Amino acid sequence: MLKKSCFIFDEDAGHTATLARVCEAAGFTVNSCSSVATAKTLLADASTPVDVAFVSLNAQAGDSLALLATAALGHAEIMVMTEIHMPTRVRAAMDQGASYCLSKPFDPRFLTPILCDIAANIVADDHAASGAQALRSIDQFGCLRGSSPPMRELYRTLRKVASTNASLFIIGESGTGKELVARTAHSLSDRKGGPFMAVNCAAIAETLIESELFGHEKGSFSGADKRHLGLFECAAGGTLLLDEITEMNPDLQAKLLRVLETRKVRRVGSEQDIDIDVRVISTTNRMPEEAVAAGKLREDLYYRLAQVPVSMPPLRLRGGDVCGLAHYFLSELNSLHGSSSKLAQQALHALSAYHWPGNVRQLRHAIERAYILSGSTIGTEFLPQDEPNINRFRRAGEMLEVCLDDSLEESERRIVLAMLKRNNGDKSATAKTLGISLKTLYNRLSAYNTAAAPHVALVS
């Protein structure tokens, strides 16, 4: 595994020790010192480049700014630290590539996620540099598979909420695996011994879905020749997945809201309420705010369902997961048919370059098709290819208006912040979508003065 290196220059030994513990907990090896002369020697003798550097800018630190130009820090994420307001020195540090100015003492709870983002980015870059062919195994969490930073962030979220009864609202494009998220949450919950029931709200006729969800009594309508238990009753003690909730009739959404609020359900044709004990998980391939604005989703129902909103990253933002999943799907086929087909290097490059509008579902089908049509080695002949000049990241309905009177800088600021919001604050995913490095994104956010943490000073 690639070692992640951290360098700390700070004249305060106590602060250095605290900072070193935070960095080591995030998986970094740490070198530290308290004098500029020693720092120059350490950096000059460094056998490997530094990944993250913390440099004190305080007056007694002498010419610490000169450290930022050291070759060993050429590719490092540089964070400078101050105890007093030093605008000139801070701006000079930013001009030399520093991404953050941390005001001491700072809150480790703010720093830890940044370090984790940087560490994940280093691992992703290492996978890319080692070649797609080398990435044959892939992490698994419950029913989910993936080793990319967005997926590991998803795992962390699910680990926290799975054991609760909180309603999950899973947002993601078609084919990303939203139902697998729901099944994983169920399998990790105290309800795992109970049933997992799922209903696609877009696939059942409006005249039947109320009966499907709530049940009906015999004779309640034409064709109702016997009592039918709805999914809320059948899922008692377990989990009910409402797939594509935004496709449900608004009138039925109002009835669903009442069921969720009262924890009681009434069968069609009955006058008796029945207590229910069900955890509800919902999914949609629409942006919730847009669905509410378009009248596709009741706002009050959305807030009730979305106790914990969860975003499923599209495959195009999952980096090496594309090749990892391709290897996994092919290994399944080899195991099923007793074969030993493999993916050629050119095929892996083609898979990585494609934009996958159908996400993981499309990738699985693409591998199955190529397996059937190819020989023992799968090349590029039967794999999907992008059209020239395709815009990979634009989706229908996702547009941002900018004013022609705005400056280029202001337009850029709005695009970056809108993309960050769309990705629910996931900086790694945002940087990849925008086609910039994570370090560049941090520099942009520093310039926009958007950080909310009280112990961080951002310079515009």
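**Notebook: charged side chains**

I looked up Glu-247 and found it partly exposed, because its relative accessibility is 30%; buried means under 20% relative accessible area, exposed over 50%, partly exposed in between (1.4 Å probe, protein chains only). The model is predicted: local features need pLDDT of at least 70, side-chain atom pairs count only at pLDDT 80 or more, and totals for chains, interfaces and linings use all residues. Residues are numbered from 1 along each chain as its sequence is written, and side-chain values use heavy atoms, with hydrogens and water left out.

Next I checked salt bridges (a side-chain nitrogen of Lys or Arg within 4 Å of a carboxyl oxygen of Asp or Glu). I count 18 by this rule.

Glu-247 forms a salt bridge with Arg-286 at 3.1 Å, N to O. Arg-286 is partly exposed too, since its relative accessible area is 30%.

I then turned to Glu-217. Its side chain meets that of Arg-267 in a salt bridge of 2.9 Å, N to O. Both Arg-267 and Glu-217 are buried. Glu-217 also has a salt bridge to Arg-227 (3.1 Å, N to O). Arg-227 is exposed, because its relative accessible area is 51%.

Last entry: Glu-173. The Glu-173 side chain has one with the Arg-316 side chain at 2.6 Å. Another joins the side chains of Glu-173 and Asn-359 at 3.2 Å.

Key: A polar contact is a pair of N or O atoms within 3.5 Å; within protein, one must be able to donate a hydrogen and the other to accept it, and residues adjacent in sequence count only if both atoms are side-chain atoms.
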